[in-house]
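Here is a friendly briefing to read alongside the model. Have the sequence and the 3D view open, and follow the topics one by one.

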Amino acid sequence: MAKVSIALRGWRFDEEEVFDENDEIRPLEEMSEETRKRLIRLRVVAGEPCDCCWLLNEKKEDCNVARIVYGEPLGEVLLCPDHEADFLYWFREDGGSREKGNEHFADTFHEWFAAGNRAPEGYGGLEHVDTEPDEIPAPDMGEDVPELEEAIEEMDDEALDDLGMDYSDLT
């Protein structure tokens with residue numbers, strides 16, 4: 001079973017859990033709760049600005065679009081490739097790993113970054129290798145994904161509230 005990233009690099013999904021034999025997104029009720037939460041959250045954050053760029057620029061339109069996500073839904077950090085090394089340095093070398101799973105994970109990184117902290121010059125990020133990228137289904141999570149839209153519409157308000165977001169603009 002292959003692990004794949006969808007829309008943003010970082011969160012990894014079991015390809016067979018997310019996609020059916022026709023490379024369509026499976027119904028949400030067929031997925032684990034964790035996968036379901038992450039896919040719905042990706043629908044919201046795909047196309048959003050890099051958190052670090054936004055902290056530096058204060059205007060969304062002046063920011064790079066995030067291409068990477070770390071953390072858990074509703075406590076995630078969105079990054080562009082230019083700022084991934086800063087996050088990795090904080091996480092690996094400056095105590096960020098202690099915040100893993102904490103609901104304030106993103107806030108703690110944002111405070112660290114806003115205080116002027118950065119990775120040292122030349123600090124290495126992650127080396128990413130795409131194996132057969134053309135073989136992996138790649139829905140554009142920033143556009144309408146009919147399977148997700150239908151599933152979100154079918155969810156009751158309590159289930160949406162449990163995800164911590166107001167999805168009324170999507171339903």
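Which residue forms a stacked aromatic pair with Y70? The partner is F87, with 4.7 Å centre to centre and 10° between the planes.

**Aromatic residues**

- The Y70 and F87 pair links distant parts of the chain: Y70 belongs to strand β3 (residues 68-70) and F87 to helix α4 (residues 81-93), 17 residues apart.
- F87 has a relative accessible area of 2%, so F87 counts as buried.
- F87 also pairs with F91; the ring centres are 6.0 Å apart and the planes are at 20°, so this pair is stacked.
- Both F87 and F91 sit in helix α4, where 4 residues, about one turn of the helix, separate them.
- Is F91 buried or partly exposed? F91 is partly exposed, because its relative accessible area of 22% is not under the 20% cut-off for buried.
- The structure holds 13 aromatic pairs.
- One aromatic cluster is formed by Y70, F87, Y89, W90, F91, F105, F109, W112, F113 and Y123.

**The largest nonpolar core**

- In soluble globular proteins, nonpolar side chains tend to be buried together.
- Here the largest nonpolar core has 20 residues, and C52, Y70, V77, L79, F87, W90 and F109 are those with the most contacts inside it.
- At least two residues of this core come from each of α3 (51-57), β3, β4 (77-79), α4 and α5 (105-114).
- Which element gives the most to this core? The answer is α5, with 5 residues.
- L79 is worth a click in the viewer: leaving aside residues up to four places away in sequence, L79 touches C50, C52, A66, R67, I68, Y70, E84, F87 and F109.

**A second core and W11**

- There is a second, separate core of 17 residues, which includes V4, I6, W11 and I25.
- W11 is found in strand β2 (residues 8-14).
- With a relative accessibility of 2%, W11 counts as buried.
- Not counting residues up to four places away in sequence, W11 touches V4, S5, I6, R38, R41, L42, V69, Y70, G71, E72, P73 and E76.
- One of those residues, G71, is 60 residues from W11 in sequence, yet their C-alpha atoms are 8.4 Å apart in space.

**Helix α2**

- How far apart are the end C-alpha atoms of helix α2 (residues 33-45)? They are 18 Å apart, which agrees with the 18 Å that its 13 residues should span at 1.5 Å a residue.
- The buried residues of α2 are T35, R38, L39, I40, R41, L42, R43 and V45.
- Among them, R38, R41 and L42 are also touched by W11.
- G47 follows α2 and has a positive phi, near 90°.

**G116 and its loop**

- G116 lies in the loop between α5 and α6 (146-154).
- G116 is counted as partly exposed, because its relative accessibility is 48%.
- G116 and L56 are 60 residues apart along the chain, and 10.0 Å separates their C-alpha atoms.

**Overall layout**

- The chain has 7 helices and 4 strands.
- Read from the N terminus on, its elements run β-β-α-α-α-β-β-α-α-α-α.
- Of the 171 residues of the chain, 40% count as buried.
- Among contacts with a separation of 6 or more, 55% come from residues 24 or more positions apart.

**Confidence in the model**

- The average pLDDT of the chain is 83, and 72% of the residues score at least 70.
- Over residues 167-171 the pLDDT is below 50, and this stretch has 11 contacts in the model beyond near neighbours in sequence.
- Where pLDDT is low, the predicted coordinates should not be read in detail.

How values were computed. Residues numbered from 1 in each chain as written. Predicted model: local features only at pLDDT ≥ 70, side-chain atom pairs only at ≥ 80, totals over all residues. Heavy atoms only, no water. pLDDT = per-residue confidence, 0-100. Contact = heavy atoms within 4.5 Å. Expected span 1.5 Å × (residues − 1). Buried < 20%, exposed > 50% of the residue type's maximum accessible area, 1.4 Å probe, protein only. Phe/Tyr/Trp six-rings, centres within 6.5 Å; stacked < 30°, edge-to-face > 60°. Core = buried A, V, L, I, M, F, W, Y, C linked by side-chain atoms within 4.5 Å.
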